[in-house]
Amino acid sequence: MKTLDEFVALFAEQLDETDPSTVTAGTKFRELDEWSSLLALTLISMIDEEFDVVLKGDDVKNSETIEDVYNIVVSKI
Amino acid sequence: MATAVPKKVIHNKDVMQSSNETDINSFIEQIGISERRNSSVLTEADLQVVAAERMLADLGWEKESVDAIICVTLTPDYPLPINACLVQDRLGLSKECYAQDICMGCSGWVYGLSVLATLLHNGDVKRGLLLVGECKMNWGLDRNALLFGHAGCATALEYEPGNEGFRFNLGTDGSGYDAVIMPKSGMRNMKYDEELIKEFERPERQLSMEAKMKNLDVFSFSVTRVPKTINELCEHYGLDYKKHDYLVLHQANKSINKHIAKKMGVEPEKAISSIEHFGNTLSASIPITITTQLKGKIEGKPTSFLCCGFGVGLSWGTVSFTTKDIVISDLVEVDDNQFENLTWV
């Protein structure tokens, strides 16, 4: 099982325009300038590959920070 | 194969004129739909009849030689009888003809092929028609209405001894039943009460019959399920998906399909698309892509396809096959008044 820090690093890898060093567990990802439905599907796809967990739309919508997403992923494993 | 579409073209830019222009362009760019066909007059049976007539003429098949007809649609002319009975009579097919509807959406062409292929395999049916598509579906007034186009596609199959036929991977996840749904049009929420009677008296009453979609749930399903069903098919039958001449994915969203093809390492020119000009036509989206993008390119030589339909259900189907002597008809455009002389109950 990947740690929260590893999850944050994987999350940051999916971003094109955001400096990875500014991305933390507390980052409110939906407030990022580059946040879009396309980025959402890239993240969903990454989480499926890495954790074998398929997120629902509400899982993304109801999460505020990257840590919130991590907690949902952990709860579904 | 043949495709019939309404003559009327709707340009999404025109529909969205009142919105912010940058917003419009980014929406069109991301989803990939600039125009789509629409009719408020024609039904899906009309389009399927036109497509089937053209295909039979181009194949040179006698109508009496057709043993089976399968109509796939979520928008039949009537809740009963089924469209396949109406279409059997309108096409003048034999009364010995097997006729069946399949009530499915985005995965419907692949499911329809699996049923028809089984009938052919059993040996009772030598020639069969698969007719698919949607018309007049009501997506309400939100942006999802910009995604959908009307079309009817016909696919003909003929039994040939020794042909390796079709290979399928089919699946279902009904826990996502509400991801794409028409919640008020079936028996579950039908109530004979005063409120509904009043609603039906209002001019905008169609709104209660509209389909709804949870977009992000559908995105999530698409990007995760499609690579899995393709891999499962290829592993089971020892196939290499990269060795197929064409990958044809259900046409719902250009960005999703690009993402899937890139992730799977499929060359972009093999992953053909028709979404820009026809939008999402549900069960018609794979055959409309083959007929409009490959006419004149694949006739006369064996061509291998990997096709995947996925969506409402949630339901998915992947099929691998090789065409031999394929005949592709010209796109048929249908006038709204083409059938105005016909009378119906």
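# Two chains, asked and answered

Visitor: What does helix α5 of chain B lie across?

Guide: Helix α5 (residues 108-122) of chain B lies across β8, β12 and β13 of chain B, at about 60° to β13(B). Contact means that the C-beta atoms of two residues, placed from the backbone, lie within 7 Å. Axes are lines fitted to C-alpha atoms (for helices over the stretch in contact), and angles run from 0 to 180 degrees between N-to-C directions. This is a predicted model, in which local features need pLDDT of at least 70 and side-chain atom pairs count only at pLDDT 80 or more, while totals for chains, interfaces and linings use all residues. Residues are numbered from 1 along each chain as its sequence is written, and chains are lettered from A and ligands numbered from 1 in the order in which they are written.

Visitor: What makes β12 and β13 of chain B a pair?

Guide: Strands pair if DSSP finds at least two bridges between them. β12 (residues 303-311) and β13 (residues 315-323) of chain B have nine, so they count as a pair, in the antiparallel sense. Thr303(B), for instance, has Thr323(B) in β13(B) as its bridge partner. In general, strands of a sheet pair through backbone hydrogen bonds, either parallel or antiparallel.

Visitor: Why are β8 and β11 of chain B called edge strands?

Guide: The open, mixed sheet has the order β8-β13-β12-β11 (chain B). β8 (167-172) and β11 (246-249) of chain B each have a single partner strand, so one side of each lacks a neighbour in the sheet.

Visitor: Which other open sheet is there in chain B, and in what order do its strands come?

Guide: Six strands follow the order β5-β4-β6-β7-β1-β14 (chain B), with mixed pairing. In this sheet, β4 (residues 68-72) and β6 (residues 127-134) of chain B run parallel, joined by five bridges; Ile70(B) stands opposite Leu130(B) in β6(B).

Visitor: What makes the radius of gyration of chain A agree with that of a compact globule?

Guide: The radius is taken over C-alpha atoms, and the globule rule is 2.2 Å times the number of residues to the power 0.38. For 77 residues a compact globule would come near 11 Å, and chain A has 11 Å, so the two agree.

Visitor: Is the crossing of α2(A) and α8(B) left-handed or right-handed?

Guide: A crossing is left-handed if the near helix is turned anticlockwise from the far one by less than a right angle, and right-handed if clockwise. These axes come within 11 Å and cross at roughly 35°, and the crossing is right-handed.

Visitor: What is the mean pLDDT of chain A?

Guide: pLDDT is the predictor's confidence in each residue, from 0 to 100. Chain A has a mean of 91, and 100% of its residues reach 70 or more.

Terms used
Helices (H or I, at least four residues) and strands (E, at least two) are DSSP runs, numbered from the N terminus.
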